[in-house]
Amino acid sequence: LQCSYQKGDKLKNLDLHQGPNNMTVVKGVTEHAVADVESILQLVKLGNSRRQVSPTNRNEHSSRSHAVLQLLLTQANEQECKELGSIITLVDLAGNERVAVTDDMFSESRTINQSLLTLGRVLNYYASGNTGRVPFLRDSKLTRLLGHCFGGNARTYMLATVVPSEGHFRESMFTLDYAQN
């Protein structure tokens, strides 16, 4: 995983480490307390403004990075001194469009495809009824970061966005095949 902290900054590798509750966290990540939807939307816009994009044959603003938004929801019961918590993780996956124009784009495309392949393997592992430790979970920073989203009492859903036009048929079929498998 890579990130630029300001638009135009050189991409930096994101370092991951084990945080509290044995969850993988990004070193230097920030948490923001929000009280309303508008505050969340402002943070999402800020994050999107920092995403790596590059034009492709099909999409002038093609995202060349995955985006992960984690909402930590807590509910405090002051009378019983208890706190309940839940994490909602939303992921916008970069597409696996075939680009090989420059060495940087080829390397970027290879990294994106590797993380998508590993994510597919992890999802298939659990969908097949397996439980316990996933031997290849650590093969990608993306799946390491999402590790808490699999198994146990976690629920995982995939939404696939496709374009209903003949010009995008092939990419739409790849997307639907990935989501189905």
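Q: In which helix is Ser-172 found?
A: This is a predicted model, in which local features need pLDDT of at least 70, side-chain atom pairs count only at pLDDT 80 or more, and totals for chains, interfaces and linings use all residues. Residues are numbered from 1 along each chain as its sequence is written, and side-chain values use heavy atoms, with hydrogens and water left out. Helices are DSSP runs of H or I with at least four residues, strands are runs of E with at least two, and both are numbered from the N terminus. The run at residues 169-180 holds Ser-172 and is helix α4.

Q: Does Ser-172 count as buried or exposed?
A: Buried means under 20% relative accessible area, exposed over 50%, and partly exposed in between (1.4 Å probe, protein chains only). Ser-172 has 9% relative accessibility, so the residue counts as buried.

Q: Which residues does Ser-172 touch, not counting residues up to four places away in sequence?
A: Contact means heavy atoms within 4.5 Å. With those sequence neighbours set aside, the residues that Ser-172 touches are Val-162 and Val-163.

Q: How does Met-173 count by relative accessibility?
A: Met-173 also lies in helix α4. Its relative accessibility is 41%, so Met-173 counts as partly exposed.

Q: What pattern does the chain follow along the sequence?
A: The chain has four helices and eight strands. Read in sequence order, they give the pattern β-β-β-β-α-β-β-β-β-α-α-α.
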